[in-house]
Amino acid sequence: VSRTYWRSLAQIEDRPEFRAAREREFLEEGPSELPDGMTRRDMMMLLGASLSLAGVTGCIRRPVEEIVPFVTAPEDTLPGIPRSYATTMPFRRSAYGLIVESHEGRPTKVEGNPSHPATLGASSSLVQASVLGLYDPDRSQSITLKGARKSWSEFVTAWGELAKAHVSDGGAGLAIVSESFSSPTLARLAAELRTRYPRVQWATYDAVSDENRLAGLRSATGRDVDLMLRLDRAAVILALDADPLLTDPEMIRHTRGFAAGRRAGASGGTPSTGSGQAMNRLYAVEGVYSLTGAMADHRLRLQSGQIAPFLAALAARLGAATGGVASPAGGGVAGVDPRWIDGLAKDLLANRGAGLIVAGERQPAAVHAAVCALNTHLGNTGKTVSYYETKDASLPSVSSLVSLVSAMKAGTVQTLVVLGGNPVFDAPVDLDFAAAMAKVPHTIALGHTVDETSAKAEWHIPRAHYLESWGDARAVGGTLSVVQPLILPLFDGRSPVEVLGLMAGDKDRPGYDIVRETWKPILGEGEVDTKWNRVLHDGFLAGSELPEVAPNVTAPPSAELSRSLAEASAKAGASGSPGDLEIVFLPSPSLHDGRFANDGWLQELPDPLTKLTWDNPALVSPKTAETLGLASEQVIRVEYAGRSIELPVWILPGMADGVVALTVGYGRSHAGRIGSGVGFDTFTIRRSTAPGFDRGVKLTKAGRSYPLSATQDHGSMEGRPLVRESTVTELRATPEEKEKEKEGKAPGALGVYEEEPHHFSLWKPHVYDQGHQWGMTIDLNACIGCNACMTACQSENNVPVVGKIQVAKGREMHWIRVDRYFSGEPTGNPEVAVQPVPCMHCEDAPCEQVCPVAATVHDAQGLNVMVYNRCIGTRYCSNNCPYKVRRFNFFNFTKDTPDILKLAMNPDVTVRARGVMEKCTYCTQRINRGKIDAKLAGRAVRDGDVKTACQQACPASAIEFGDLRDPSSRVVKAKADPRNYALLEELNTKPRTTYLAKVRNPNPDLKGVPT
Amino acid sequence: LAQIFPPWWNKLPIVAAIAGSLGPLLVIAGVWYYFSPWYTDVGYRPVQPVPYSHKLHVGELGLDCRYCHASVEVSAVANIPPTRTCMNCHALVKKDSEPLAPIRESAQSGRPMRWIRVHKLPDYAYFTHVSHVSAGIGCVTCHGRIDEMETVTQMAPLRMSWCLDCHRNPGPNRRPVSEVTNMKWTPPRDVQALAAQLRPVNPPTDCSGCHR
C-alpha cells in the first residue's frame, strides 16, 4: 500500500515550524547558553584564569586519587563484577518480577525476570525508570514531626501512646488510607490490625483504579475475581475504550502476547504452510487515541459514553446470530455504520474461543459485567481470558474513601494513617481530602518524598523504595513473588510492611522477620530455609498461581447491558445535554497517577501518541478544535461541574470529536526539583462520581498561549519512505499477482522499491568477513511504540535529561527515539505507525567521512564507534547523518548531577561531557562483557549472549540483535524475512540495523466502511 | 662614528637559521617528552599511609600476587586487599609494629584504609585485568618488578600507544597462564614451542575494544 505518512498537523499544513524542524536538526542558532547560567564571556574569563593557574600546576600528574577497600570484604562481592538479584516491583495490584543488576552494592539496572509470569523477561518504561526513583535526590531523608527531624524510635514511642488510646475503644478513632495491594504479608497484617482494632476504618484508594472492572466481574460472577488476559491465544481482539498495551498495569504481559499473535503469519506464508496460526486482528473502539488503538487493524472513534450502547448493539448481533435473546437496544449506535458492527460481530462469532473482548478501566461496572458475560457467551473464558480469585488483596474502592472522609469531617477520626499513596493530591476534589485531614488530630503519612499529603501530616515517615525493602506480592494470576532489597534504606526509610507491622503488633520488627513469618505457612513444613532460599533466588514461588475460576455468569449479556444503558443514559441526562463535550481523565503513560513525577527519565519520555514531553495539555480532535476555534498551545479554560482549570490544548488527530481528554498526574506542588510545577493538576476538577469520563464540560479560550515541547517533528527525514507497511493479503499474493502489480506500475507489497536500486559507491567498500559482525533488526509489526527501549537505553547508557526548554530546541539526548507517523485524513481516523530509530551503524557511514578528527570510525565488528575523547564538537557528523540519530551535549548536562544520582550511573559507560557528540553504540559494553565471559568460559559467543538494553527491555520482542556471520542467529533469520528493508536504502549507507515492515490484517468485510 | 654592528654580527643569519630550525624542534621534543606520561607518570611513587613493602612480602617472603589481589583472575579490577587480609597475618606477626598502627586502627574501628592510587587510566578507558591475565600477560609486563620495589612505582607509561604496541604484537609479552604472577619468569629459548602451547589471541586494536 502506498500511503502518505505525516508526523504532525504542522507537516501536513507545511507550517513554518515544521519547515524549521526539517531544515535544522537543532532548532536554534548558536549554542547556546543556559538561560540563567554563566554567559560565554564569564566562561572565557574563568577559562583564562584557570589556564593561567594550570600553568603553575600543569603537566604534572592528575589529582591524587584514593583507593578505599573494605575493612572486611563481604564474602560474595568482588569489585568490578556486577551481581544480579531477583526481586519484585509491586505496582498497584500487580507485581513485576525483576532481575536487578548491582554494581558494588548499588542497584543500577532493572530487567524483567524471564521466568516470572508478569514480566517474562521484558519490562516497561516505568519499570526501567524505577531505579532512578531509588536515587531521587528529593526523597525525604528523615522522619519528621510537624517538620522537625525525629528518629524512628521516637515515632515508635509516639505510636505506642496513640495505640494505647485506640485499643481501649476498639480502634473507633483509627483510620487507614492505603493504596490497593495484593500482598500476603500486608493482607495478614491488615487482618491482625482489624483483630486488634475491630472498629478501625480502612479506605483503599487508587487514583487510577480498576474498581469498575472488579465491580463488574463481581456482579457478573457473584465473586471477587480478577481476570488474566491471554492475548497470545486470541485471534480477534476487541478493545473497548481500553489500553491493555500501555497504561494497563499488565502491559508487559499483554504486549508479549499481542506481539506473539501479531508475528504469526506475518512473514507472508499462507496459514497452511506456516505454524498454522494466522495473524491476530485487533479492533479498537475508543474516544481518545490510545496506543492500543494505534496498533488496531480497525479503529472506531466513539466517545467513552457511547461504549455501552455500542456494546449493546454488538451483543444483540452476537446473541441474534446464535438465536439468543432479542436485541434490547435496537441495532445501531448513533454515528456508527452498522456494517462495522456487523463485520465485527461476524469475526467474533467466527472465532469463538479465540476471540477476546476487553473493556477499559474507566468504563462503568455494567460494561465490564457485560463484557464478562459476552466472553463467556463466545466461549472465550478459560481460553483467551481466565479468572482467578483476588486473594490477599486490598481492592480499591472510592466509596470507602468517601465514607472515611465524611467520618474525618465529622471529627470521629482521631488518628489517620496514610500507608502510601498521596490522597491530598489525587483524591477526588469534591471530597476535599486536605480539609478533612486538617480536622484529624493525629495524622501519619508514609511517603517517598515530603509530598502533598506528607506536608500536611503531623508525622511523616520516609518510605523505603522497593529496592530497599522486604515484602511480597501476588502477581497477575496469583503467583507469589518476593520483594527483596538490594541495598539498605538510603535514608532510613520504612516499608508499608514495617509500619503496618508496628501498628498491628505494637512491636518494631524488621521487615524481613515479618515477611518470613508470612511465608512460613506458605512454604510448608520442613526445609523452610532451603525453600525460602529458592524463592529468593527465583524471585517467586513456582506453582503458586491461583486456580482458575470458571465464572458462573448469572445474567445474560443483554440483561447486564440494558441495565448499563439505563445507567448511562440516566447519567447523560443528569449532567448536561448531549451536545456538550465529553471529558475524559487519562492516566499518564509516564507518571501514571503522579507518583513518578520526580523522575526525569519519565518526564522527558515523549508521550507515545502526542510526542509531548514535560506537559499534559488537554487533547482534542482537529474537528473539535476547529469548531471551538482552538489551536495547539492555546490556553483554554475547562469548566466542569462548577470547577475550572486553565491549561493548554493540543490537537491530536484521531480523537473522537466532542471529547476533551485530560491527563492526570502532572501539576504536582511537592514532587521535588524535577516534577514540582510541571504540567497542570487535572485532579482539581476530577470528582468521585465520575473519575473516568463525564459529560457537561465547557471550553473557552483564555487568550494566552503556552509553549509545549513535542518531539514529533524532530529528526525528520524529509518525508522519504521510512515506514513501510503491507497487509496480510498483499503479502500472501502469489508471484504472478506480484508480477502483475509490477507491470501495472502499481506499488508492490512493501510499497516503495519495485526495482533493485542501482547502488554506486565512491568509497572502497569495507570488508567484514572476520570475527563477529553485529547487526540488528526491528520488527515494526511487533513494535507497539511503548518507549520501554528508550528508558532502558537511558538507564544503560547514562543518557542525560535535558529539560523542557532544551527539548523544544531539538536537543533531547535519547539514543533511540520512537517516531510516530500518521497516515490518512487528519480530521478523520488516521492510522498510526511507529518506528524506533537508533543509530543504524552504516557500513559506509556518512558521519565518518566528514569527521575532521576521526572521532567516529568503524571497528572490525562493523560498529560505528564514537570516540568521545577525540570529538571536538564540530557536529559535521550530525549534519551528515541521514537518520538524525546523533546527539550533541550542548551543555555539561551531568555537571550539576547530585551525588546520589551518580549512583544510578552505569560504571561501564563513559559519562559524556559538554561539546561531545554521542549516539547508540549497540551497547558496546555489553558486547565486550559477552565476549569476555564467553572467552573465560572457553566457548564461542552464542546467539543471545549479547543483548542490547533496548532488546532486553522490549516487551514485544521486536528487536533482534546478533552476529550476522552466524547463520543460525535470530537476527540473520529475521533479515531473511521478505519484509526486511533498510532505512533510506537508496543512500547506500548499508545500515546494519534494518526493519521488518509492518503488516496490517484488515477485515475484508469492513473494506470501505467509513469510521 | 663607531660601528653600530660589530663584525660578529655577520654570523647572525647563520645563528638565526640554526636557532630557528633547532628551537622549534627542541620545543616540540620538549613537549613530546615532558608532557607525555613517560615524564609525568613513569616513576610516580606516592607515599602510602602504610609503607607496605612489596619487596619484603613478595620478593623475600614469596607471597603470591593473588593472595591479596584476589579478584585479578575473575574481574576487570584487581582489588586492593581489605584490611582483613593484612590482619590475617599481622594479628600474629609484628603485632606492635609502629608503621602498622593504621592497619590495626582500621581493623578495630572499621574505618577503611585510604591508599593512594598509583596506576591510573583515564575514565574513558576500560581496562580488564581478567582478559589480560587469562591471555598470559604477566603482572610484571605492566607493573614492573614489584618484588623489588620497596614502594610501588609506576614503571610503564600506560599511554594508548604503549597499549597498542602490545595489542598489535602480543607475542613477545605472553607466557603460560601458570606463570603470570611469576616475577622472575624468562621466556624459554624455544619461543615457537611456547607460542604453540598458548591459546591464540586476537587482541582488539579498535577504539571499541577499550573505550565505551
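The paragraphs below lead through a predicted model, beginning with the contact between chain A and chain B and ending with the salt bridges.

Local features in this predicted model need pLDDT of at least 70 and side-chain atom pairs count only at pLDDT 80 or more, whereas totals for chains, interfaces and linings use all residues. Residues are numbered from 1 along each chain as its sequence is written, chains are lettered from A and ligands numbered from 1 in the order in which they are written, and side-chain values use heavy atoms, with hydrogens and water left out.

Where chain A and chain B are in contact (heavy atoms within 4.5 Å), 37 residues of chain A and 40 residues of chain B take part. The area buried between the two chains is about 3500 Å², with 59% of it given by carbon and sulfur atoms; buried area here is the accessible area, taken with a 1.4 Å probe, that two parts lose on being put together, summed over both. Between chain A and chain B there are 3 salt bridges, a salt bridge being a side-chain nitrogen of Lys or Arg within 4 Å of a carboxyl oxygen of Asp or Glu. One of them joins the side chains of B:Arg117 and A:Glu65, at 2.9 Å from N to O.

On the side of chain A that touches chain B, at least two residues each come from β2 (66-67), β36 (856-858) and α30 (924-936) of chain A, where helices (H or I, at least four residues) and strands (E, at least two) are DSSP runs numbered from the N terminus. The element that gives the most to this side is α30(A), with 6 residues. By residue class, the side of chain A divides into 20 nonpolar, 9 polar and 8 charged residues, with Ala, Val, Leu, Ile, Met, Phe, Trp, Tyr, Cys and Pro counted as nonpolar, Asp, Glu, Lys and Arg as charged, and the others, Gly among them, as polar. Strand pairing, for which DSSP must find at least two bridges between two strands, also links the chains: β2(A) pairs with strand β1 (residues 115-116) of chain B in the antiparallel sense over 2 bridges, and A:Ile67 has B:Trp115 as its bridge partner in β1(B).

Within chain A, strand β11 (residues 225-229) is largely enclosed by the rest of the structure, because 5 of its 5 residues are buried; buried means under 20% relative accessible area, exposed over 50%, and partly exposed in between, with a 1.4 Å probe and protein chains only. Both faces of β11(A) are covered, with A:Val225, A:Leu227 and A:Leu229 buried on one side and A:Asp226 and A:Met228 buried on the other. The strand runs antiparallel to β16 (residues 385-389) of chain A, to which 5 bridges join it, and A:Leu229 stands opposite A:Val385 in β16(A).

An open sheet of 3 strands in chain A has the order β1-β34-β35, with antiparallel pairing. Its edge strands, each pairing on one side only, are β1 (5-6) and β35 (831-837) of chain A. Between β34 (residues 817-823) and β35(A) there are 7 bridges, and A:Asp819 has A:Gln835 in β35(A) as its bridge partner.

Over all chains, the structure holds 61 salt bridges. A:Glu831 forms one with A:Arg1000, the closest N and O atoms being 3.6 Å apart. Since A:Glu831 lies in strand β35 of chain A and A:Arg1000 in strand β43 (residues 998-1000) of chain A, the pair ties together parts that are 169 residues apart in sequence. A:Glu831 is partly exposed at 22% relative accessibility, whereas A:Arg1000 is buried at 4%. In chain B, the side chains of B:Arg145 and B:Asp147 meet in a salt bridge at 2.9 Å from N to O; B:Arg145 is partly exposed, at 29% relative accessibility, and B:Asp147 is buried, at 6%. Salt bridges that share partners join A:Arg93, A:Asp210, A:Arg213 and A:Asp226 into one network.
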